[in-house]
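Visitor: I would like a close look at a single part of this model. Please take it slowly and give the cut-offs as you go.

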Amino acid sequence: MTSPLHRDDVAHVAKLARLSLSEEELALYTDQLGQILEHANDMSTLQLDDVIPTAHPFGLINVVRDDSVRESLDRDVVLAMAPDAEDGRFAVPRIMGEAP
Amino acid sequence: MTLPGSWEMVVGLEVHTELKTATKMFCGCANHFGAEPNTNVCPVCLGLPGSLPVLNERAVELAMAIGIALHSTIAPSTFHRKNYFYPDMPKDFQISQYDLPINSGGYLDLPDGSRVSIERAHLEEDTGKSTHLGGSGRIHGADRSLVDYNRSGVPLVEIVSGPDIRSSAQARAYAAELRGILIATGASDGRMEEGSMRIDANVSVRKSGEPFGTRCEIKNLNSLRSLHRAIDYEALRQVELIESGGVVRQETRHWDENLGVTSTMRTKEEAEDYRYFREPDLVDLAPEQAWQDRIRLALPPMPAERRAALKERLIAPTPAQLDAVEVVIDLNLEQFVNAAIDADIDPVLALARAANELAGGLEGIGNLTPEAFCATLRLEQSGQLSATQAKTVLGELLAHGGEPGAIAAAKGFEQLSSDSLGSTVESLIAQNPDEWARYREGDEKLAQFFIGQVMKLTKGKANGKAVVAELQSRR
């Protein structure tokens with residue numbers, strides 16, 4: 001049976017996720033992810049006309065909190081987690097291109 | 001601007017507005033512009049592992065208020081993750097609404113009578129703010145970037161119009177009217193210069209009656225003036241490109257305010273694949289009718305309604321008075337004008353003082369009560385203060401507050417008695433027989449001459465109208 005997934009699809013998704021995969025890994029994941037998709041496709045053989053579409057396992061809706069301020073973290077603690085900081089801000093390598 | 005030949009521009013706008021909540025969208029960090037960098041951050045808005053978002057009730061209510069004001073349908077909605085890698089979004093995705101937004105459909109009527117359809121108005125979170133060091137300040141050429149996450153997670157509503165706009169002037173009018181609505185609903189402070197309202201413009205061109213052309217999206221226009229200029233530039237660029245045999249590519253473009261041009265930011269081929277999927281940490285949002293009704297009932301009148309109500313109080317308003325109405329509505333000053341009209345002050349005078357003197361001293365508007373405004377105008381209307389003096393008193397009230405009569409007295413604005421004004425006018429008539437003769441023969445311009453002379457002699461204490469009355473009585 002042919003895989004529902006092409007190697008190039010996996011390469012594209014890997015690129016979007018900033019994953020560097022070797023040719024062997026691409027082949028491996030194309031096969032593994034393909035099996036998962038095939039399994040998902042099994043669902044389409046089921047008769048589900050009477051089933052209400054459900055996007056979330058919980059029946060909860062409108063879970064909200066009050067708009068009241070809570071204490072934020074101490075900046076020194078926050079910036080200590082960063083590889084680099086300058087002038088109270090996170091320093092990151094030069095950005096190529098604009099924000100989406 | 002008019003496009004050459006039978007070309008027509010087709011514009012749709014995406015307006016992002018930050019919501020005026022106390023806290024961020026999904027955490028209790030303060031939503032506060034201008035705070036020290038990275039002082040309003042926590043595990044949720046920094047995207048630290050294991051943190052969980054909880055939706056801000058007030059943000060939902062403000063989004064509903066916007067939807068109601070735009071005649072949208074409030075529908076059950078969901079949240080999605082928009083995935084991308086960029087340092088301004090530390091969790092590598094932005095929580096947004098995708099196929100099921102809280103507000104669908106609707107419209108906005110503009111003062112010129114045109115109607116622009118609204119496709120949707122959905123909730124999402126803002127990103128952090130990057131500053132690029134080195135190079136020109138623009139991102140290309142920067143050596144490194146510094147990121148402040150105070151803005152990360154601030155609630156936003158994105159309002160997407162239909163492709164109904166046909167000129168840059170209409171685009172500007174739409175943005176201005178929408179801004180007025182956002183301010184009126186209390187959803188936003190509408191401060192474009194602080195980035196609390198930002199606009200992306202989708203622009204294409206076509207020959208009248210033909211199908212839509214390929215569109216370009218101009219990002220991050222942060223003033224009405226930039227919006228106007230960028231749309232004109234982009235539409236003309238597309239027309240010239242097509243007329244010289246070129247083809248418009250679908251792309252995202254950047255507006256350079258200094259150069260007055262748009263330039264390619266990224267093409268469709270480079271466009272991100274955001275891999276939207278449901279945000280598993282948030283449940284559906286489906287405001288019940290009672291909740292919607294509470295918001296609807298609490299909504300104050302919108303600018304269009306307020307504008308119409310104020311115009312009704314004017315008798316045959318002139319174009320200048322209609323402009324003044326726009327200013328008064330835009331700056332939320334009509335309580336002063338209404339109070340004055342209620343107090344039997346000439347609507348034209350009340351409108352003029354509000355649109356000029358109050359508009360010019362907005363930073364002190366908190367010092368001025370409608371009562372003090374009315375009292376000042378009453379003094380002016382009765383002739384106890386000249387126009388110049390009344391303006392000075394209003395300026396003083398805006399600067400420091402106080403009581404108009406006391407301010408006038410402290411400034412030495414005590415009214416000249418009509419006896420003393422009469423004798424001043426008498427002596428001026430005697431000293432200027434030629435001018436007087438011409439005035440008597442009907443040259444009304446000479447009234448200004450006499451007023452000027454009286455003002456000089458009385459050091460501005462006289463009232464222009466009273467001078468004219470004195471002249472008339474001797475004519």
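How many helices and strands are there in chain A?

Guide: This is a predicted model, in which local features need pLDDT of at least 70, side-chain atom pairs count only at pLDDT 80 or more, and totals for chains, interfaces and linings use all residues. Residues are numbered from 1 along each chain as its sequence is written, while chains are lettered from A and ligands numbered from 1 in the order in which they are written.

Chain A has 3 helices and 3 strands; these are DSSP runs, helices being H or I of at least four residues and strands E of at least two, numbered from the N terminus. Along the sequence of chain A they come in the order α-α-β-α-β-β.

The C-alpha trace of chain A spans about 60 × 45 × 25 Å along its principal axes. The radius of gyration of chain A is 23 Å, whereas a compact globule of 100 residues would have one near 13 Å; the radius is taken over C-alpha atoms, and the globule rule is 2.2 Å times the number of residues to the power 0.38.

In chain B, the axes of helix α5 (residues 303–312) and helix α6 (residues 319–330) come within 10 Å and cross at roughly 135 degrees.

Methods
Axes are lines fitted to C-alpha atoms, for helices over the stretch in contact, and angles run from 0 to 180 degrees between N-to-C directions.
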